[in-house]
Amino acid sequence: MGCDGGTIPKRHELVKGPKKVEKVDKDAELVAQWNYCTLSQEILRRPIVACELGRLYNKDAVIEFLLDKSSEKALGKAAAHIRSIKSVTELKLTDNPAWEGDKGNTKGDKHDDLQRARFICPVVGLEMNGRHRFCFLRCCGCVFSERALKEIKAEVCHTCGTAFQEDDVIVLNGTKEDVEILKKRLEERRLQAKLEKKTKKPKAAESVSKADVSEDLPGASKVKISKAEEASAESRERKTTSASRSVAANGASSGKAGKPGGAPKRSIADSEESETYKSIFTTHSSAKRSKEESAHWVTHTSYCF
């Protein structure tokens, strides 16, 4: 079984063995994690945000992802846990003064030093290039190296002075174990937030009901005062009702003679005025007519005799 040219094939060329696992270049992986957005795969540019799993994003890419409500949007693993803009924290990064970027690379023949990073730790001065572990505080967004937090132990942020707890420290681009721990914390926070929302509603209803009960049922002294006031009010009402009944009875008995509660009318005939003055009124004897001058039964006029 010769081949053209008298070549003899070897065993590994004829027998197919198991495929070799391709090894990922660690330098390339670190550059991709620390210099590019996890969602859009673009170069990181401010404002830079980080999720609760420690991944870096451009804020514009996250906003576009949340606003995109089309069915064609692919929910990748990198952003499946981001539900709103509150799920990410804007980072406060410290610039590296030794980093030049593309300033001297005008011709495109400059060597890129992968060990150089755009940002450094503000406490220790370590570069954020992936060779050292970095973390940020979820409460304020300040970024530090893990070495700085271990060497300078404090319960307050080294930059802004905000108080934080151990749960607020999130490792950036951590290992698989770190990501699993952060996932558990994320689930616990969300469950706690749901329970707080459920407990707030009945508490609000109870506070309103307690306020109503406190208004209706005050202390012992207030209860006594309110009872005394109620008794006095009832007695006043009884007095007013009895007075009104007596006035009504007096008015019914008097009839047309006078109004209830008013002073009795005084006739002019009983007054001490002169007769000429009395004759002006119809009650005087001169104003009264005889039977002959009274009204006729047919015409009902007083002047038909």
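Let me start with strand β6, which pairs with strand β8 (residues 169-171) in the antiparallel sense over 3 bridges; two strands pair here if DSSP finds at least two bridges between them, and both helices (H or I, at least four residues) and strands (E, at least two) are DSSP runs numbered from the N terminus. Please keep in mind that this is a predicted model, in which local features need pLDDT of at least 70 and side-chain atom pairs count only at pLDDT 80 or more, while totals for chains, interfaces and linings use all residues. Residues are numbered from 1 along each chain as its sequence is written, and side-chain values use heavy atoms, with hydrogens and water left out.

The hairpin formed by β6 and β7 has 5 residues between the strands, and G141 in it adopts a positive phi near 90°.

In a regular strand the side chains alternate between the two faces of the sheet. For β6 the two faces are both covered, with F134 and F136 buried on one side and C135 and L137 buried on the other, where buried means under 20% relative accessible area, exposed over 50%, and partly exposed in between (1.4 Å probe, protein chains only).

W34 and F134 are both buried.

Turning to the open sheet, we have 3 strands in the order β2-β1-β3, paired antiparallel. From one strand to the next, the twist averages 40°; axes are lines fitted to C-alpha atoms, for helices over the stretch in contact, and angles run from 0 to 180 degrees between N-to-C directions. Strands β1 and β3 are joined by 3 bridges and run antiparallel, and V49 stands opposite E90 in β3. Helix α3 packs on this sheet, touching β1, β2 and β3, and its direction makes about 75° with that of β2; contact means heavy atoms within 4.5 Å.

Now the charged pairs: the count is 7 salt bridges, each a side-chain nitrogen of Lys or Arg within 4 Å of a carboxyl oxygen of Asp or Glu. E90 forms one of them with K59, with the closest N and O atoms 3.4 Å apart. Because E90 is in strand β3 (residues 88-90) and K59 in helix α3 (residues 59-67), the pair ties together parts that are 31 residues apart in sequence. E90 is partly exposed, at 42% relative accessibility, and K59 is partly exposed at 24%.

Another salt bridge joins the side chains of R46 and D95 at 2.9 Å, N to O. R46 lies in the loop between α2 (26-35) and β1 (48-51) and D95 in strand β4 (residues 94-95), so parts 49 residues apart in sequence are tied together by this pair.

Where does D178 lie, the partner of R133? The side chains of R133 and D178 meet in a salt bridge at 3.0 Å, N to O. R133 is in the loop between β5 (119-120) and β6 (134-137) while D178 is in helix α5 (residues 176-216), so the pair ties together parts 45 residues apart in sequence. R133 is partly exposed, with a relative accessible area of 35%, whereas D178 counts as buried at 16%. R133, E146 and D178 are linked in a salt-bridge network.

For overall context, the protein has 7 helices and 8 strands, and 21% of its 305 residues count as buried. Among contacts between residues at least 6 apart in sequence, 44% join residues at least 24 apart.
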